[in-house]
Amino acid sequence: MIGLEQVHSAVSVVVALESMRNVSQVRGFRWQDFWKHSIACGIIARAIADQVRLKDRSVTPAAFTTGILHDVGKLFLLAHFAPQFSDVLAYMAEHSCSMLEAEQETLGTNHAFIGQYLAERWALPAEICVAIGKHHKPLSSCASDADRLANIVHVADAVAQMLNLGSGGNRVASQIRPGAIEALKIEDGLAGLQADSIRRQVQEFLSVLPLQSS
Ligand SMILES: [Fe+2]
Ligand SMILES: [Fe+2]
């Protein structure tokens, strides 16, 4: 039987691939690396959610979907505003700042905000939309499913970078905000995450996606 999680996952991949159809080539941004980062984030987010679920059954199975789509706003910029996205990358290189800061400075908006807007247009569940919008500003409490998802994906984003699984385009590694892990109330913190298993799952996932051609 196909579960809700699998349906969400399949839909997320399809919509993200669809939005990438007209992706431009921009120097300094490799979309294959981007995809690896996104898939790794989804797999790590799911692993973290599994641990949260042990203590809190209300955690939704949406972590995988949110993880895969958390940076989809970057793909949108790449596909539809390539020159401006190029400016973002140049600003980031010049100022050694995060992509989020570079976007805000050069575009007056950022990929998290754009990603939330896209997710809402795709009619994804509200908690996924909000969590995409908040993935760079997790809350120190998890009052809602959306806040919990945002924290999970925020942590997964940083772990994917620590494990060197692809790249979301950042030159500066994302740091886990203080309190983000504590708010999830995971008994062993991140100790339960198994890097080898995560790496294997990422490779398996990539091997069935048609992402090799540009
Ligand atoms: Fe991001
Ligand atoms: Fe990311």
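Me: Which residues in H7 do Val 72, Gly 73, Lys 74, Phe 76 and Leu 77 in H4 meet?

Reply: This is a predicted model, in which local features need pLDDT of at least 70, side-chain atom pairs count only at pLDDT 80 or more, and totals for chains, interfaces and linings use all residues. Residues are numbered from 1 along each chain as its sequence is written, while chains are lettered from A and ligands numbered from 1 in the order in which they are written. For these H4 residues, the partners in H7 (contact: C-beta atoms, placed from the backbone, within 7 Å) are His 111, Ala 112, Ile 114, Gly 115 and Leu 118.

Me: How is H4 oriented to H7?

Reply: The axes (lines fitted to C-alpha atoms over the stretch in contact, with angles from 0 to 180 degrees between N-to-C directions) of H4, residues 72–80, and H7, residues 111–121, come within 7 Å and cross at roughly 95°. Angles under 35 degrees count as roughly parallel, over 145 as roughly antiparallel, 65 to 115 as roughly perpendicular and the rest as oblique. H4 is therefore, relative to H7, roughly perpendicular.

Me: What is the orientation of H5 and H6 to each other?

Reply: The axes of H5 (residues 82–95) and H6 (residues 99–107) come within 8 Å and cross at roughly 120°. The two helices are therefore oblique.

Me: Is Val 130 buried or exposed?

Reply: Val 130 lies in helix H8, which covers residues 126–134. Beyond its neighbours within four places in sequence, Val 130 is in contact with Gln 116 and Ala 146. With 20 other C-beta atoms within 10 Å (20 or more count as buried, 12 or fewer as exposed, in between as partly exposed), Val 130 is buried.

Notes. Helices (H or I, at least four residues) and strands (E, at least two) are DSSP runs, numbered from the N terminus. Two residues are in contact if their C-beta atoms, placed from the backbone, lie within 7 Å.
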